[in-house]
Amino acid sequence: MTTASPGLRVDPAELLALMSTRRVVRDFSQQHVDESALWMILEAGRWATCASNNRVHRLLVVRDPQQIKLVTDMSPGIFTHPAVMVVICTDLHAVASAQLQLDADRTIFMDVGTLMMNMMTQAHALGLGTCPATSFSQAGVEVVLGLPRHARPEAIVQIGHPSAAGTCAAPPRTRPSPLLAELVYWERYGQTAPLPPG
Amino acid sequence: MSPHSDQADHPAVNGKPAAMVGQDCVYELLAHLVASAEICVVEPHYYGSFRLLDAAAKLSAAMLDCGLDDPWLSALQAELDRSKILMMSDRPAFYSYLPQASRRVAERLSQAAGGHAEDMKP
């Protein structure tokens with residue numbers, strides 16, 4: 001298998017296997033997350049594709065157990081207490097500076113997704129579990145985290161070691177799945193193609 | 001006035017058996033309910049049922065954690081925790097469970113009221 005870029009030693013099949021084995025983890029142990037691993041995850045987020053390079057999001061790292069409990073209390077979509085939460089906030093000052101239309105510009109939310117995906121993939125490569133959450137009270141989280149008025153929490157990425165019962169990996173998949181064939185149309189909307197042989 | 005009866009391990013309110021719940025648990029459940037009320041207006045409608053089942057499981061767990069010895073409630077809590085996540089994996093089964101849960105609780109209420117729940121089944 002050839003590499004995608006000169007100088008990089010990433011096997012494309014291994015990268016696909018990494019992405020296709022990541023699973024959402026909803027049950028974390030309280031085991032400490034190494035700080036160097038955390039920085040690497042945040043760095044991966046920084047490299048996420050971003051509309052017009054506007055960088056209107058800020059990442060708030062929460063590790064204090066009491067703060068994590070309070071955020072969880074206001075988040076019906078979060079079921080256990082992870083060791084780390086990364087709260088992705090839209091910085092309204094940055095939005096104003098970039099002259100974006102806050103609730104009309106879809107790229108603001110797309111960039112939240114790319115940020116989350118990069119971080120979750122990197123965490124998986126480090127053997128950590130993740131779970132994204134948007135099912136929380138924005139108003140409640142703003143209060144318990146003492147967010148300034150110009151910071152709007154959009155999503156929370158939970159990071160930690162899976163509990164004994166949890167798992168963050170699935171069997172690897174390195175070739176297209178039947179489901180992919182149903183999801184992808186070629187040339188015309190609705191026109192599917194058979195999977196390649198093998 | 002003490003909320004407890006003469007027997008310390010059998011709390012009572014107005015002469016009736018009471019289930020104790022810690023204050024922290026009450027506030028956590030309160031937070032869950034109001035946060036759910038906020039987010040349910042933007043979530044798919046079936047999430048409303050999920051949030052309420054989750055709240056019921058949390059309430060059950062809170063009562064059990066505070067020492068309530070009730071095998072029926074313990075079984076219900078386990079059942080709620082197991083069944084609520086069907087919302088994500090098997091929605092028809094999730095919908096089928098909702099009246100089952102209601103029936104289970106109604107039977108318990110009827111028994112507590114002195115009725116014969118089994119006789120009341122359709």
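In this predicted model, A:V87 stands opposite A:I156, a residue of β4(A). The strands β2(A) and β4(A) run antiparallel and are joined by eight bridges. Both belong to an open sheet of four strands in chain A, with the order β1-β2-β4-β3 and antiparallel pairing. β1 and β3 of chain A each have a single partner strand and stand at the edges, so one side of each has no neighbour in the sheet. From one strand to the next, the twist averages 25°.

Helices lie against this sheet. α3(A) packs on it and touches β1, β2 and β4 of chain A, its direction making about 120° with that of β1(A). α5(A) lies across β1, β2, β3 and β4 of chain A and runs at about 15° to β4(A).

**Chain A as a whole**

Chain A has seven helices and four strands, and along the sequence they follow the pattern α-α-β-α-β-α-α-β-α-β-α. The C-alpha trace of chain A spans about 55 × 45 × 35 Å along its principal axes. Of the 198 residues in chain A, 27% are buried. When contacts in chain A between residues at least 6 apart in sequence are considered, 78% of them join residues at least 24 apart.

In soluble globular proteins, nonpolar side chains tend to be buried together. Here the largest nonpolar core has 32 residues, and the members that touch the most others are A:V86, A:I88, A:M116, A:M119, A:F136, A:I156 and A:V157. A:M119 gives a view of the packing: leaving aside neighbours within four places in sequence, A:M119 is in contact with A:I41, A:A44, A:G45, A:V86 and A:V157.

Most residues other than glycine have a negative phi, and most peptide bonds are trans. A:N53 is not a glycine but has a positive phi of about 55°. A:R55, also a residue other than glycine, has a positive phi near 55°. A:N53 is found in the loop between α2 and β1 (57–62) of chain A, and A:R55 lies in the loop between α2 and β1 of chain A. How exposed are these two residues? The table gives their neighbour counts.

| Residue | C-beta neighbours inside 10 Å | Class |
|---|---|---|
| A:N53 | 7 neighbours | exposed |
| A:R55 | 14 neighbours | partly exposed |

**Chain B and the complex**

Nine residues of chain A are in contact with ten residues of chain B. On the side of chain A that touches chain B, four residues are nonpolar, four are polar and one is charged. For the complex, the predictor gives an ipTM of 0.71 and a pTM of 0.83.

Chain B has an average pLDDT of 86, and 84% of its residues score at least 70.

Note on methods: Residues numbered from 1 in each chain as written. Chains lettered and ligands numbered in written order. Predicted model: local features only at pLDDT ≥ 70, side-chain atom pairs only at ≥ 80, totals over all residues. Contact = placed C-beta atoms within 7 Å. Nonpolar A, V, L, I, M, F, W, Y, C, P; charged D, E, K, R; others polar. Helix = DSSP H or I, 4+ residues; strand = E, 2+ residues; numbered from the N terminus. Buried ≥ 20, exposed ≤ 12 C-beta atoms within 10 Å, placed from the backbone. Core = buried A, V, L, I, M, F, W, Y, C linked by C-beta atoms within 7 Å. pLDDT = per-residue confidence, 0-100. Pairing = 2+ DSSP bridges. Axes fitted to C-alpha atoms, helices over the stretch in contact; angles between N-to-C directions.
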